[in-house]
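Subject: Structure for you to look at

Hello,

Here is the structure I said I would pass on. Please open it alongside this message.

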Amino acid sequence: MPTYHHPAEDLPILAEVDVLIIGGGPAGVAAGFAAARLGAHTMIVEQHNCLGGVATAGGHGHICLYSSWGNPGWGSDELVVGGIAQEIAERVAAAGWGVFDRRNADFEVEGLKLVLERMAGECGARLRLRYHTFFSRTLVEDGRAIGAVLQSKSGRQVVLARRIVDCSGDGDAAASAGCPWEQGNAEGGCQPVTLMFQLGGVDMARVEEARRERGNDYKWAQTWKKAQEAGDMRRFQSVVMGWWWTPTRPDQLGINFTHVTGVDTTDADQLTAATCEARRQVEETIAVYRKYVPGMERCHLLSTPPTIGCRESRRILADLVLTKEDLMAERAWEDAIGYGSFFIDIHNTKGIGMDARTVHPRHGFKYQIPWRIQVPRGIDNLLTAGRCVSVTHEALGSLRVMPQCMVLGQAAGTACALSLAAGCTPRVLPVAQLQASLRAQDCILDAGDIARANRSPAPTATPQPRIPRAG
Ligand SMILES: Cc1cc2nc3c(=O)[nH]c(=O)nc-3n(C[C@H](O)[C@H](O)[C@H](O)COP(=O)(O)OP(=O)(O)OC[C@H]3O[C@@H](n4cnc5c(N)ncnc54)[C@H](O)[C@@H]3O)c2cc1C
């Protein structure tokens with residue numbers, strides 16, 4: 001690409017904060033709440049007009065998995081995620097916006113937005129939200145991150161920060177700081193992107209009845225095959241990835257179905273083209289649902305969300321890279337900061353359906369998450385949380401889900417606050433101190449914590465339609 005020399009300019013300093021969080025998704029809110037609750041002056045920078053990331057701006061009103069894995073995949077009775085992730089799900093359900101059964105949270109997206117802003121407000125002046133603002137560049141001095149350049153309607157501004165947590169999903173801040181990263185599988189292929197959409201006018205009882213008549217095929221695979229053979233639908237998808245339903249809006253469904261492959265989500269042109277293609281798929285899908293799915297004859301499109309959902313992009317490398325083998329062996333880590341439990345969920349990077357490397361583990365599967373995957377190589381005072389942490393392509397298939405992104409966020413926010421108080425970098429913060437603080441925040445780190453968290457009986461789950469399980 002040709003270049004244009006932009007003259008150096010003096011930028012106004014918008015703020016000086018203790019902790020700057022780039023991105024207000026699941027990782028970012030947990031990082032921001034944790035840091036602010038521990039007394040750090042914190043700012044969350046978010047390009048959209050809400051907190052929640054994929055769960056709100058991405059229109060995905062379903063968060064899983066809070067429990068260890070259960071066969072055939074709906075979660076077990078054993079809660080393995082606590083802390084802020086659990087608190088958010090409980091508050092959304094308590095406010096009447098959805099349900100939480102200690103495995104999954106299903107909710108109305110607008111409700112989650114409100115709950116997250118209420119929680120942010122409870123942090124008072126210690127937490128500042130900055131919406132409509134795009135992170136542009138990380139400022140680095142002597143191997144330390146010292147702030148960021150932001151772009152918004154207010155122009156280009158700088159925020160100076162003593163700690164930065166990259167919760168952008170794409171690792172924007174860490175990559176800008178020069179941290180090493182990888183992307184995709186061995187051929188560079190990333191998981192497909194999906195534009196969610198919300199349907200109204202669904203007769204869920206009839207849909208359920210029809211599904212039972214079709215041999216409990218939760219993915220409705222035969223139906224799409226028939227539609228494709230009849231020329232009613234292109235072959236962009238072969239299975240339902242998720243029909244998300246909550247009893248608070250019984251005639252609505254959130255649809256995880258569109259699939260666009262071969263997209264580098266760090267490229268704005270590719271994101272634009274993928275969004276337009278996915279929206280065409282939405283239109284096509286609705287016509288097919290009306291024609292082929294009993295109970296959906298009168299369904300109508302309520303909305304597509306402001307942003308397309310990205311499953312995978314940069315993974316910022318740390319000294320430790322968590323692998324699929326670590327996960328499948330349920331390897332124990334001395335620096336554990338929480339648990340993951342989702343299956344190795346890899347959507348086909350080149351075509352329809354799932355990748356052959358998808359693995360459904362044993363009943364009760366869970367693995368510890370080591371702290372070191374959040375401390376990037378080659379820079380101090382910058383941490384990662386969420387789906388851009390140091391894992392392999394396969395391990396990300398499991399760790400990318402939202403409870404785990406919140407676990408990672410809470411650990412990063414806590415480490416920022418503790419390291420500031422201790423006057424050391426997060427890298428050398430004694431991990432025992434981090435773990436003690438996380439336990440004091442009701443996080444679940446090891447078998448003892450699991451036993452404590454599961455002493456109280458699980459609440460009776462609200463009956464829900466059985467749903468396909470893929471993220
Ligand atoms: C279609 C789909 C289905 C999924 N299904 C499930 C599921 O069933 N259950 C589940 O738990 N998880 C699911 N996941 C995975 C999960 O939603 C994501 O992996 C998770 O949201 C990642 O969290 P995050 O905080 O790292 O990133 P995100 O949720 O992507 O949040 C990142 C935030 O940073 C902001 N941001 C990014 N770059 C910038 C920038 N430069 N400047 C300012 N702001 C920026 C974004 O706007 C966003 O709000 C799914 C994901 C997708 C895409």
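Below is what was found in it, by topic.

Please keep in mind that this is a predicted model.

Nonpolar cores

The largest nonpolar core has 113 residues, and those that touch the most other members are Leu20, Ile21, Ala31, Val92, Val165, Ala385 and Cys416. Helix 10, residues 402-422, gives this core its largest share, twelve residues. To take one member, leucine 20 touches Met43, Val45, Ala148, Val159, Ala161 and Ile164, leaving out residues up to four places away in sequence. Another core, of 30 residues, lies apart from the largest one; Val193, Trp224, Met296 and Ile308 are among its members.

Ligand surroundings

The ligand is surrounded by 38 residues, of which Gly23, Gly25, Gly53, Gly309 and Gly386 are the closest. Two or more residues of the shell come from each of helix 1 (26-37), strand 3 (62-64), strand 7 (133-141) and helix 10. Sorted by class, the shell holds 18 polar, 14 nonpolar and six charged residues.

Four strands form an open sheet in the order 12-13-11-14, and their pairing is antiparallel. Strand 12 (242-244) and strand 14 (300-303) are the edge strands, each pairing on one side only. From one strand to the next the twist averages 35°. Strand 11, residues 197-200, runs antiparallel to strand 14 and is joined to it by three bridges. Within that pair, leucine 199 has leucine 301 of strand 14 as its bridge partner.

Leucine 139 has its bridge partner, glycine 147, in strand 8. The two strands make a hairpin with two residues between them, and aspartate 142 in the turn has a positive phi of about 50°.

The loop between strand 8 and strand 9 (155-166) contains lysine 153. Is lysine 153 buried or exposed? It counts as exposed, because it has 6 C-beta neighbours inside 10 Å, and the cut-off for exposed is 12 or fewer. Lysine 153 and threonine 133 are 20 residues apart along the chain, and their C-alpha atoms are separated by 7.8 Å.

Regards

Definitions and conventions:
Residues are numbered from 1 along each chain as its sequence is written. This is a predicted model: local features need pLDDT of at least 70, side-chain atom pairs count only at pLDDT 80 or more; totals for chains, interfaces and linings use all residues. A nonpolar core is a set of buried Ala, Val, Leu, Ile, Met, Phe, Trp, Tyr and Cys residues joined through C-beta atoms within 7 Å. A residue is buried if 20 or more other C-beta atoms lie within 10 Å of its own, exposed if 12 or fewer, and partly exposed in between; C-beta atoms are placed from the backbone. Two residues are in contact if their C-beta atoms, placed from the backbone, lie within 7 Å. A residue is near a molecule or strand if its C-beta atom, placed from the backbone, lies within 6 Å of it. Ala, Val, Leu, Ile, Met, Phe, Trp, Tyr, Cys and Pro count as nonpolar, Asp, Glu, Lys and Arg as charged, and the others, Gly among them, as polar. Two strands pair if DSSP finds at least two bridges between them. Axes are lines fitted to C-alpha atoms, for helices over the stretch in contact, and angles run from 0 to 180 degrees between N-to-C directions.
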